[in-house]
Amino acid sequence: MHFVTSDTTSAKDKQVSSRAKIFFSYHWDVQNRVLALVQHLEKYGFECWTDVHAVAKQPSQAAKSMSLNSRDSLQSEIQRNMKEAKAVVCCVTQKYICSNNCAKDLALAELLGKPIVPLLFEWISWPPESGAVKVRKILAPHTYIDLSNDKLYKRSLPSVVTYLKKLPDIFHS
């Protein structure tokens, strides 16, 4: 799936002076869409982190066959990067709200007091009615941005950028 926006303003004009680190929590079923969104946000001056960066650093290991040490290393890297992040964007799908790893990400974000920004990558009722109870409780008070299909993605992408820029302290150290 490819996403294209019809924005005519140059990315350089839109960049902010310092970079805000955004942590992405998602289920790997939407990884390509997440990476496309990351690429878009980086044009606006956001520094984005996904677990793809961590897995890529582990030579010749597929994510599904990681050793215990590399899983521990990945967890440490996830924790470190979330601590450094100014916000946590969660890319919500049915698989996401049922995932133990995603539940851990959200619990850590809540524990660290990070702003949580839910983006619907698949239409689900809101607040979520299925999935892990802890995930539903954490997500319920938040307003989502709907990116669940191509039309909504194109229309709502500017809202994602605007919303992230308005978060408190997003571009301050």
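Predicted model: local features only at pLDDT ≥ 70, side-chain atom pairs only at ≥ 80, totals over all residues.

Trainee: What makes something a helix or a strand here?

Mentor: A DSSP run does: at least four residues of H or I for a helix, at least two of E for a strand. Strand S1 covers 20-26 and helix H2 covers 31-42, so both pass the length cut-off.

Trainee: Why is Cys48 called buried?

Mentor: Its relative accessibility is 6%. Buried means under 20%, so Cys48 counts as buried.

Trainee: And why is Cys98 called partly exposed?

Mentor: Cys98 has a relative accessible area of 46%.

Trainee: Gln31 is polar by name, so to speak. Why is Gln31 called buried?

Mentor: Go by the number: Gln31 has a relative accessible area of 18%, and the cut-off is under 20%, so buried it is. Gln31 sits in helix H2, and leaving aside neighbours within four places in sequence, it is in contact with Tyr26 and Val52.

Trainee: What makes a set of residues a nonpolar core?

Mentor: They must be buried residues of the listed kinds, such as Leu, Ile and Phe, joined through side-chain atoms within 4.5 Å. The largest one here has 28 residues, and those touching the most other members are Ile22, Phe24, Leu37, Leu41, Phe46, Leu119 and Leu164. Among the elements giving it two or more residues are strands S1, S2, S3 and S4, while H8 gives the largest share, five residues.

Trainee: Which residues does Phe24 contact, leaving aside its neighbours within four places in sequence?

Mentor: Val34, Leu37, Val38, Leu41, Cys48, Trp49, Thr50, Val89 and Cys91. Apart from that core lies another, of 22 residues, including Ile78, Cys90, Cys102 and Leu106.

Trainee: How much of the protein counts as buried overall?

Mentor: 45% of its 173 residues. As for the accessible surface, it comes to about 9,500 Å², and 51% of that belongs to carbon and sulfur atoms.

Key: Residues numbered from 1 in each chain as written. Heavy atoms only, no water. Buried < 20%, exposed > 50% of the residue type's maximum accessible area, 1.4 Å probe, protein only. Areas by Shrake-Rupley, 256 points an atom, 1.4 Å probe, with all protein chains shown as cover. Contact = heavy atoms within 4.5 Å.
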